[in-house]
Amino acid sequence: MAGDIGRGTPEQPAAVVRADAAGRPLTVPLGMAVLLLGAAVAIAVDVRGYREGAGGEPGPAAIPILVALLCAAAAIALVFQTLRSTAPPGEGAPSVFPVRVIATVATLTAAGLLLEQIGFFVTFTGLAFAGGLLAGARRWWTSLGGAVVITWVVMIFFGRLFAVPLPAGPIDVFLGG
Amino acid sequence: MRTKFILAAAACLLLSACADTATGGSGAGGESDFPTKPITAVVAWSAGGGTDVMMRAFAQTAEDHLGRPINVVNKPGSSGAVGWGEIAHATQPDGYTLTMVSPEIGFLDEQGLYDFGLDDFTLITLLNEDPAALAVRADAPWDTFEEFIADAKADPGAISVGNSGPGLAWDLATTAIERAADIELTHVPYDGAASATQAVLGGTLDAMAFSVGEVHPQVEAGEMKLLGVALAERLEALPNVPTFVEQGYDVEIGTFRGIAGPAGMDPEIVATLNDAFVEMAEEDTFADVMENNSFGIRVMETAEFQAFFEDARDLYVDLLRESE
Amino acid sequence: MEIFSSLLGGFGTLFSSPHLIAALAGAVVAGMVVGALPGLTATMAMALFLPFTFLMEPATGLAVLMGVFAGGIAGGSIPAILLNVPGTPASAATLLDGYPMTRKGRAGEALSMAMFASAVGGLVSALLMSVLAPVIARFALNFQAPEFFVLAIYGLTIIAAVAGKSLLKGYIAGLIGLVVGMVGLDPIAGQLRLTFGSQALYGGISLIPVLIGVFGITQALVMVRESSGVTERPRISGRTLVSADDLRSSSGTLVRGSLIGSGIGAIPGTGTDIGAFLSYSEARRRPKGRIPFGEGNPQGVAASESANNAVVGGSMIPTFTLGIPGEAGTAVLLGGLLIHGLMPGPDLFTGSQSSLVYTIFASFIVANVMILLLGTLAARLFVHVVRVPNQVLVPVILLFCMVGSYAINNRIADVSVTIVFGILGYVMVTHEFPVSPLVLGLILGPMAETNFRRAMTITHGDWTIFFTRPASLVFWALIVLSLVYVWRSARRRRVQKPAESEDGPQAVRPT
């Protein structure tokens with residue numbers, strides 16, 4: 001499994017100056033530290049309204065406070081570890097967020113939002129089609145055809161065989177979903 | 001046996017196909033055309049749970065009486081708030097979307113867990129009632145509720161009683177027992193009857209207040225005994241177990257399940273459905289499933305069900321305020 | 001012995017009825033299909049099937065339920081090994097070594113090892129269940145809130161074993177899991193926590209949508225990223241069967257995994273996922289062979305898969321003898337028993353219904369043999385998934401993940417959870433934050449907290465209960481051993497560090 005890292009996109013070199021030993025930008029580890037601190041603060045704010053524990057049990061606030069302290073400690077440790085291991089960016093450091101990955105994330109989010117509005121078939125055909133293209137399909141029509149077929153199969157399998165009430169638009173009813 | 005299954009499945013398909021072409025309301029006895037299309041029955045809990053098993057047995061049997069298929073759909077999540085919330089807030093009261101309700105819809109809005117209450121539903125027919133029971137290990141030092149009370153009074157809070165979660169039905173049943181006997185118990189929440197049973201049999205928990213059905217297997221096997229049942233009269237299935245009432249303590253509490261729809265349903269449609277469901281409840285296929293799962297059958301028609309539920313709600317809300 | 005003659009009688013009934021065998025084979029296949037699809041679990045298939053068992057003979061109905069259950073747990077390993085996406089939570093530990101084997105062209109061996117281990121685990125647990133069920137059930141009753149707490153803490157020490165390169169990053173992922181696990185209604189005091197007024201969060205964030213997100217969606221995003229460059233497909237070696245050498249060196253792991261799984265299964269309130277992780281970390285402690293754990297060691301697959309199928313058999317023990325279902329799958333099975341008028345209890349094994357019970361046990365044993373045969377055949381077929389290009393795999397994975405997360409509870413909120421955790425998982429794995437600890441934190445955090453507070457409620461705040469009960473002490477000893485092991489291997493790693501950096505960067509994948 002060595003050597004996989006070279007599969008990053010060549011057209012998207014790392015734009016960040018500081019990077020860790022493997023050439024990855026530092027923003028994410030630092031962002032993770034911020035996320036942990038955020039979680040610690042959120043817990044600290046939330047526990048203020050909690051009720052007391054009854055009859056000798058420590059109550060609903062005890063463990064969250066412990067976890068918040070651990071989060072804060074881990075965030076600090078992570079910042080130190082990240083800054084200490086700083087190295088100049090490696091040759092051709094791969095971007096973690098090439099355009100394709102961002103586009104896939106956007107497509108997923110759109111699918112999640114649209115699912116109940118426009119129904120299962122259209123949403124998921126779109127998702128599968130976009131996923132195929134973003135994963136490097138050469139001809140768009142084969143990708144679209146594949147997307148239609150697999151969405152329909154999934155619709156029949158889950159909707160009919162397992163009686164999952166998939167969100168239906170007008171076209172879904174027509175197709176037997 | 002496999003062929004039997006296939007035959008049965010084929011028969012089901014055939015039945016539902018015939019139902020589609022039949023003129024509506026064949027067995028329902030109502031005047032209107034209702035129902036003219038399949039009915040969706042929402043279960044606010046996961047597949048395989050008590051409400052789900054009962055609803056599926058109900059749907060299978062009631063189909064024949066309505067002349068239309070009843071499709072069961074599970075919408076679990078957030079202690080029932082997802083499935084019931086959809087019925088309460090986002091469903092047409094046309095009779096084509098129904099659900100199975102239990103006491104929770106009457107009091108969980110008190111705790112801010114639901115943003116709907118009893119008034120957001122049209123009750124149709126009560127099908128089941130399961131009284132609470134106080135169960136202890138077979139070798140526990142108490143043989144009667146009296147002895148249990150004596151020990152509880154001698155050392156308040158020393159006896160621990162398991163329930164299914166804080167502020168839920170069985171927690172409140174424990175409060176009802178405390179109030180009637182003027183004792184203090186330690187309430188211990190578990191994930192459900194199974195984990196509380198494990199704790200009672202393993203000896204870390206002294207007693208549990210759950211429905212009779214949930215401890216029935218252990219009682220039958222001689223692993224547990226019941227100190228009292230929270231019902232007005234003794235259960236037919238357990239003639240040797242005394243009620244709290246006959247021992248002089250006014251504890252009548254439990255859980256029940258019935259069919260309901262969104263608020264504002266047409267009374268004529270409600271009547272049509274009620275007639276069909278009351279007839280359905282007499283069928284052997286329904287009764288068998290209920291009996292094998294130790295669910296008690298209790299049928300109440302619309303008006304009676306409404307009054308019954310309102311009384312139960314008042315009791316639960318009262319107990320809830322007391323426990324806080 | 002009487003038990004064996006009863007069991008033989010069970011086999012007699014089973015093999016004299018071709019219908020029963022056919023129904024069982026159908027159930028195993030259906031279970032494997034359902035188990036292989038993320039979001040569709042064996043429990044769900046059993047619940048959907050339960051109403052049909054009303055119409056069947058008791059033996060057929062119950063055999064079908066057990067076949068679906070066992071098949072479902074084994075089937076979950078197929079996508080875990082081939083695509084790094086566990087089909088059910090039970091296979092979350094299988095992918096730790098299963099997927100690296102696939103990357104090295106050993107997908108066929110990994111699959112056949114998984115099926116063999118599943119069958120061994122199932123058979124060992126079935127034998128224990130037939131012979132010792134009442135004894136084990138009594139013993140498992142010693143497992144109470146204090147023990148569950150200590151067991152969960154022990155489980156959390158496994159994070160170190162699955163953390164990969166950086167212990168700190170592993171613990172951070174675990175902490176995220178703990179935070180996620182606290183969201184929702186607190187089960188002891190009824191306090192709403194970290195919901196920030198959103199009703200969708202009242203019930204908490206459940207495991208399966210998170211699992212589908214951090215493994216499934218993350219894997220699809222990693223594949224999209226690979227597609228940006230030149231992709232070198234993993235080869236398939238000629239082997240589609242696990243080698244005799246690997247089997248021989250895994251034999252100890254298989255036996256230990258089966259026993260750990262049976263034991264964990266016999267304790268109500270645990271589950272297939274916990275059993276698999278415990279067995280995996282136990283196997284790691286006794287490394288054998290040249291390949292390190294986490295880089296495609298067949299023993300990792302053997303440990304996880306033998307244990308999770310053994311949990312299935314083990315969980316029947318409290319269900320049949322005490323009427324206490326260990327987890328969701330056995331709860332449905334208990335429903336099936338009750339529907340056919342079988343009352344659980346010690347009498348079930350000796351009373352008038354005992355011949356039926358032994359027919360059910362015989363069916364479970366045969367179901368596990370079928371898993372071996374059908375699974376190995378299926379492995380030959382499925383192994384070609386590795387050759388399917390990313391532009392086909394990515395849409396298929398995305399689609400099944402999204403539909404799967406919707407199908408769990410039929411609600412969009414779970415789909416949103418899957419997407420959010422998919423993105424988080426991608427960010428994590430591309431920066432050497434392992435995601436398995438997150439899953440462990442989410443499974444074990446609530447278990448630890450709830451049982452800690454439950455025990456404290458019962459004892460009115462007396463914490464000595466965690467140190468006075470024998471079963472707890474055993475787990476405290478294991479925790480100490482586990483921490484010493486972590487400390488020693490961390491030191492060893494520090495010494496070896498210069499050599500290790502020559503290996504080059506690690507591949508990016510969710511672990």
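Analyst: In chain B, 56% of the 324 residues count as buried. The model is a predicted one, and this applies to everything that follows. Chain B has 11 helices and 10 strands. Its radius of gyration is 21 Å, close to the 20 Å that the globule rule gives for 324 residues, so chain B is as compact as a globular protein of that length. Along the principal axes, its C-alpha trace spans about 70 × 45 × 35 Å. Of the contacts in chain B between residues at least 6 apart in sequence, 76% join residues at least 24 apart. The peptide bond from B:Phe34 to B:Pro35 is cis, and its omega is near -5°. B:Pro35 sits in the loop between α1 (2-21) and β1 (39-43) of chain B.

The next step is chain C, where the close look is made. Chain C contains 22 helices and 2 strands. With a radius of gyration of 22 Å, close to the 24 Å that the globule rule gives for 511 residues, chain C is as compact as a globular protein of that length. A box of roughly 65 × 60 × 45 Å along the principal axes is filled by its C-alpha atoms. Of its 511 residues, 68% count as buried. For contacts in chain C between residues at least 6 apart in sequence, the share that joins residues at least 24 apart is 79%.

Within chain C, one pair of helices can be followed residue by residue. Helix α12 (residues 244-266) and helix α13 (residues 272-284) of chain C have axes that come within 9 Å and cross at roughly 145°. This crossing of α12(C) and α13(C) is right-handed. On the α12(C) side, the residues that meet α13(C) are C:Thr253, C:Arg256, C:Gly257, C:Ile260, C:Gly261, C:Ile264 and C:Gly265. Their partners in α13(C) are C:Ile274, C:Gly275, C:Leu278, C:Ser279, C:Glu282 and C:Ala283. By class, this contact of α12(C) with α13(C) has 5 nonpolar, 6 polar and 2 charged residues.

Two loop residues of chain C have a backbone feature to look for. C:Asn84 is not a glycine, yet its phi is positive, near 70°. C:Asn84 lies in the loop between α5 (77-83) and α6 of chain C, and it counts as buried because it has 25 C-beta neighbours inside 10 Å. C:Asn410, also not a glycine, has a positive phi of about 55°. The loop between α18 and α19 of chain C holds C:Asn410. With 20 other C-beta atoms within 10 Å, C:Asn410 is buried, since the cut-off is 20 or more.

Chain C also touches chain A: 62 residues of chain C are in contact with 70 residues of chain A. Elements of chain C that give two or more residues to this side are α6 (95-103), α10 (167-182), α11 (207-227), α18 (390-409), α19 (412-429) and α20 (436-459). The largest share, 11 residues, comes from α18(C). By class, the residues on the chain C side divide into 36 nonpolar, 17 polar and 9 charged.

On chain A itself, an unreviewed UniProt entry places the feature "transmembrane region" at residues 26-47, 59-80, 118-137 and 144-163. In the model, residues 59-80 of chain A are 86% helix and 0% strand, with end C-alpha atoms 34 Å apart. Residues 144-163 of chain A are 90% helix and 0% strand, and their end C-alpha atoms lie 26 Å apart.

Terms used: Residues are numbered from 1 along each chain as its sequence is written. Chains are lettered from A and ligands numbered from 1 in the order in which they are written. This is a predicted model: local features need pLDDT of at least 70, side-chain atom pairs count only at pLDDT 80 or more; totals for chains, interfaces and linings use all residues. Axes are lines fitted to C-alpha atoms, for helices over the stretch in contact, and angles run from 0 to 180 degrees between N-to-C directions. Helices (H or I, at least four residues) and strands (E, at least two) are DSSP runs, numbered from the N terminus. A crossing is left-handed if the near helix is turned anticlockwise from the far one by less than a right angle, and right-handed if clockwise. Two residues are in contact if their C-beta atoms, placed from the backbone, lie within 7 Å. Ala, Val, Leu, Ile, Met, Phe, Trp, Tyr, Cys and Pro count as nonpolar, Asp, Glu, Lys and Arg as charged, and the others, Gly among them, as polar. UniProt positions are given in the numbering used here, feature names are shortened, and annotations may be inferred rather than shown by experiment. The radius of gyration is taken over C-alpha atoms; the globule rule is 2.2 Å times the number of residues to the power 0.38. A residue is buried if 20 or more other C-beta atoms lie within 10 Å of its own, exposed if 12 or fewer, and partly exposed in between; C-beta atoms are placed from the backbone.
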